[in-house]
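Subject: Handover of a structure and notes on its contents

Dear colleague,

I am passing on to you the structure shown below. My notes on what was found in it follow, and I would be grateful if you would read them alongside the model.

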Amino acid sequence: MAAPVLDRRARRPDRAAPGSFGTRSRTLFRPRRVAVGVVVLALLWEAVSLLVTRGVEHPEFVMPDLVHVARYGLPGLADYYTGWLGGTPPSAGGERTWPMGLAALVEHGAISVGRILVGFVLGLAAGVLLGLLMSASRAVRNAGFGIATLLRTLPVLALGPLFTLWFGATSAMSVSFVAFAVGLVMLVATMTAVANLDLDVVRYSRSLGLGAFAVQRRVVLPAILPELGGAALVAVPLAWSVLLASEIYGIQEGLGWMMGKAVQFTLVDRITVIAVVFVLLTFVMLRAVQAISARITRWAE
Amino acid sequence: MTAAVPARARWSAWFWRAVGVAVLLTVWQLIALAVYNLAVLPAPIDVVENLVRNFGGSAGLAYLGLSETSYLGNLRYTAGIVLTAWLVGSALGLSGVVAARLQWVRDLTDPVLYVFGVVPVVVAAPFALIWFGFGPVGQWILVAFFSYVTVAVASLAAALRLAPRYEEYAATLGVAMAARLRTVVLPAVAPATSSAVRVALGAAWSLQVVAELFGSETGVGRVIAVRAKTGDVPSVMAVIIVLGLVALVCDLAVARLAKRSGAWQ
Amino acid sequence: MAVKSMAVKSAGAVDLAAAPRAEATGHTAAPAFRLRDLVLEYREGTQVVRPIDGVDLEVPQGEFTCILGPSGHGKSTLLRCLAGLIAPAGGTVEAAGEQVSGPGADRGMVFQQDAIPMWLRVEDNVAFGPRMRGVPPREYRERVDRLITEVGLDDRRRAWPRQLSGGMRKRVAIAAVFANDPDVLLMDEPFSALDFFTRSRLQNLLLQLWAETGKTICFVTHDIDEALVLADRIVVVKDGGIAMDVPVAFPRPRGEELRALPEAQDLRRELLDILGEG
C-alpha cells in the first residue's frame, strides 16, 4: 500500500519534489507539447479552410489551406518587387517566381529593418538622455512625469496619420514615429529608475569628489542600466508594431506597405508569409537586444 | 512609493506634474504661433475649438458619409469595444493561474501563448479582421485575444514564481486544491497580474484604433483616417487627444482598483 | 491559567508522564505518529538524495518532541513527511493510526520562513484555516479572539503582516495554527531567524499554549539550548537515521537555572558530541 509515490512531474527539484503529494507542483514548459500544440493549430487551420472551401467561391481570399499558402504566398510577393536586386519583376513583365518573391522580401525587409534600427537607436538615445536631464531635480522630474504620463496614454499607434501629415510618406516619417514611441518608453523608464535609485550611491560618489556630470555618466547611468535593459526589451515589439502601423500608411516601401497592399485585396497567403517574417524579425531583434543588455550589465546580480 | 510618503510631498509631486503639463501646452502654443499654419501644427486652442465644435455632431463627418457623425458617437463605439473586449480577455487571462498548477491546462494554452506571447500583435490584426470582418466582431476578437495573451503570460509567470510554502501552509490547514488556487495563489499573483491588466488596457486602445484604421464603418480610427486624408490636422489631433484622455481616466480607475487590492504589499 | 498548569507540571518534575498526555486530553490510544522503516528521497539535479534511510519512530500523543540535527541531515524533510507534504519513498507513516496520504487539518505546520498569506489582516489570518474549511463562524470566533489576545496582538488585529515585526508574524503563524485546532503541531525551525529575546519570549508563549491545549508538538531545531528548554524528548536525526533518542525530564518552567543543572550540562555535552562528530 505504501508504494513510493514518485511524482512523474518531478524533473527538477525546485518545481516538484519527487514523492510530493502535489502541493509543491509547478507545471512545466514542455517544448514537445508546444510543438504538438502548434501542429494541432495548423491542422485546425487546415480543417477550417476545408470547411470554408465548400461555402465560398474564392476561399483563397478568406482562408486558403496551408499548402496554398506555401505555394503561392512567397511567389505572390514578387508583385511588390522593384527589380532592385536584379532579375525581372512581374511589374516589368516577369513571372511570379520564388526567387522574385524572396527578392521582394529581402528588398522590403531591408528597408524596414533599416528604419526600425535607426528609429530604435535614436529613440533609445534621446529617451535616456532626456530622462537623465529631467532627473536633475525632483521638481523637473515630476514635471517630466506629468508630461510623460499624458503622452503615454495617447494611443501611440493612432498617431501614424499625424506623422504622415508632418513628415510626408517618407522613411523619415517611419523613423521618427518609431523613435517617438521608443523614446517615450525609455524616457519614463529612465526617470523611474533614477527616482528609485539608492541615494547613498550618489552621495558616496559625491563624497569621492565627482562632479555632477561625472556622477550622471559614471554612476547614475551604469546603476540604472539593468532597468533600462528591461525597458528596451519591452520597446522591441512596440517598435515593430509602430513600424507596421507607419508603413501601412501611404509609404511605398517596406514590409508593412506590402502587408497593407495584401490586406487591401485580402490575399491571406501573402499576409501569412509577411506575418511570419515579421514575427521572426521581432524575435531576432528581441534576442539581440537581450544579448546586448546582458553583455553590458553582466556585473549585475 | 509606499503609503508612508508624506501628504505634502505627494501634493508637491502633483503640483509639479501640473506644471509640466502647463509648460508642454505653453511651448506647443508658442511653436504653433511661430509656425502659423493649421495644416502643420494647430495650437492647443485650435484643437480645443475643433473638439468643442464637433463633439456632439460634425457636419464634416456627415458630409464624408460616416454613420456616426459626432466625435462622441465614434468615441462611444471605440470605447465600448475596447472596454468589453479587454474585460473579457483579461478575465480569461486569469487561466494562467490554473495553467501554473495543472499540466494539462498548461499544455493546452502554452502553444497559443508561446506563439503569440512575443508577437507584435498588430500583425495578427489582418487575420482577425479578414476572418471575422472589418467591423465590431473582428475588432472585438482581436482586442480580447490580445488582452487574454498579455494577462495569461503574466499570471502564469507570477504563479510559477510563487514560493511553494504559501500553498503548503494552506494545505496543512486542510484547504483543498481548488480553494488554495482561489484564496492563496490568486491573491498572491494579483499585483503582478493587475499591472499586466493595465498594460493590456493601455495597448488595447492603440490596437483598436489600428484595427479601425485598417477599415471600419465607425470609430475613432475611422475619423482619423478620413480626416487625415483631407489633411485636417486639428481634427486628427482633437480625436487622438480626447481618446487619450478617456484612456487616462480608465487607467487611473484601474490603477485605483489595483492599489486597493494590493494594499497588503 | 497557564501558570497553574505549568506549576502542576513542574510539581511532577522528573517524571516524564507529567506532561499533558493522551488520557488527559481524551484522545484515542494510537500514537500521534508511528514511522516504520521510513525512507525519504528527493532529487537534486540528476542525483537522488536520501536524507532519511530506515527510520523507526513512535511519538505518543501530547508529547513535545524536538527533532535535533545538523543542517542537511533530513530533519526538515522528516517533518515535511509527517505533514504529508512529501510521500515516503519506502516504509510507512501513520498519524493517529491512519496512513498519511497528504496534508490535512489534523497536522498543522509552522514554517521557517513566513508562509502566512501576506494579503490577510492579522485577524483574518488567524481565522484562515477554519474559515477555509467551512467551519461555521460561531464555532471558531471565540477561539480566534482568545488566541489573538494570548499571543499579544489585540491592538494589531487589523494590521497587514508586512506592518509587523518578524517576531509578531511568528505570533500570527502560531495563533493561526492553534486556531485551526489540529491534533499535532509541526514546527520547522520557526524561531531560527529571530533575535535571542524574541525567541525566548516566543518559546514561553508556545509552552503556555501547549500546556493549555495538550497538543502533540514536533519541533525541528538545530539549536541544542532551544531543544533543552522546550522538549519532553529529543530525537537526534543524523546520517539518515536516529543517532539518539533521549527523554528530557527537567522540571518546568525551565529558565536560566536550567544551565546550572548538572544533568542538563551532561545532556548538553552529550548532544554536542553527537552533533559535532564527523
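How many of the 14 residues of α7(C) are buried? The count is 11 of the 14, so α7(C) is largely enclosed by the rest of the structure. Please bear in mind throughout that this is a predicted model.

Chain C

The buried residues of α7(C) are C:Arg169, C:Lys170, C:Arg171, C:Val172, C:Ala173, C:Ile174, C:Ala175, C:Ala176, C:Val177, C:Phe178 and C:Ala179. Among the elements of chain C that cover them are β6 (107-110), α4 (122-126) and α5 (128-132), together with α6 (137-150), β7 (184-188) and α8 (196-213). The helix itself comprises residues 166-179 of chain C. Its end C-alpha atoms are 20 Å apart, which agrees with the 20 Å that 14 residues should span at 1.5 Å a residue. Just after α7(C), C:Asp181 has a positive phi of about 50°.

Chain A

According to the unreviewed UniProt entry, chain A carries the annotation "transmembrane region" at residues 34-53, 110-133, 145-169, 175-197, 228-251 and 271-289. In the model, residues 110-133 of chain A are 100% helix and 0% strand, with end C-alpha atoms 34 Å apart. Residues 145-169 of chain A are 68% helix and 0% strand, and their end C-alpha atoms lie 32 Å apart.

Two helices of chain A, α2 (residues 66-76) and α3 (residues 98-134), have axes that come within 6 Å and cross at roughly 60°. This angle makes α2(A) oblique to α3(A). From α2(A), the contact involves A:Leu74, A:Pro75 and A:Gly76; from α3(A), it involves A:Trp98, A:Met100, A:Gly101 and A:Leu102. By class, five residues of this contact are nonpolar, two are polar and none is charged.

For chain B, the unreviewed UniProt entry gives "transmembrane region" at several spans, including residues 140-163 and 236-258. Residues 140-163 of chain B are 92% helix and 0% strand, with end C-alpha atoms 37 Å apart. Residues 236-258 of chain B are 100% helix and 0% strand, and their end C-alpha atoms lie 32 Å apart.

Between the two chains, 53 residues of chain B are in contact with 50 residues of chain A. The helices of chain B that each supply at least two residues to this side include α1 (7-35), α10 (177-213) and α12 (233-261). The residues on the side of chain B that touches chain A divide into 39 nonpolar, six polar and eight charged.

Yours sincerely

Definitions and conventions: Residues are numbered from 1 along each chain as its sequence is written. Chains are lettered from A and ligands numbered from 1 in the order in which they are written. This is a predicted model: local features need pLDDT of at least 70, side-chain atom pairs count only at pLDDT 80 or more; totals for chains, interfaces and linings use all residues. UniProt positions are given in the numbering used here, feature names are shortened, and annotations may be inferred rather than shown by experiment. Helices (H or I, at least four residues) and strands (E, at least two) are DSSP runs, numbered from the N terminus. The expected span of a helix is 1.5 Å times one less than its number of residues. A residue is buried if 20 or more other C-beta atoms lie within 10 Å of its own, exposed if 12 or fewer, and partly exposed in between; C-beta atoms are placed from the backbone. Two residues are in contact if their C-beta atoms, placed from the backbone, lie within 7 Å. Axes are lines fitted to C-alpha atoms, for helices over the stretch in contact, and angles run from 0 to 180 degrees between N-to-C directions. Angles under 35 degrees count as roughly parallel, over 145 as roughly antiparallel, 65 to 115 as roughly perpendicular and the rest as oblique. Ala, Val, Leu, Ile, Met, Phe, Trp, Tyr, Cys and Pro count as nonpolar, Asp, Glu, Lys and Arg as charged, and the others, Gly among them, as polar.
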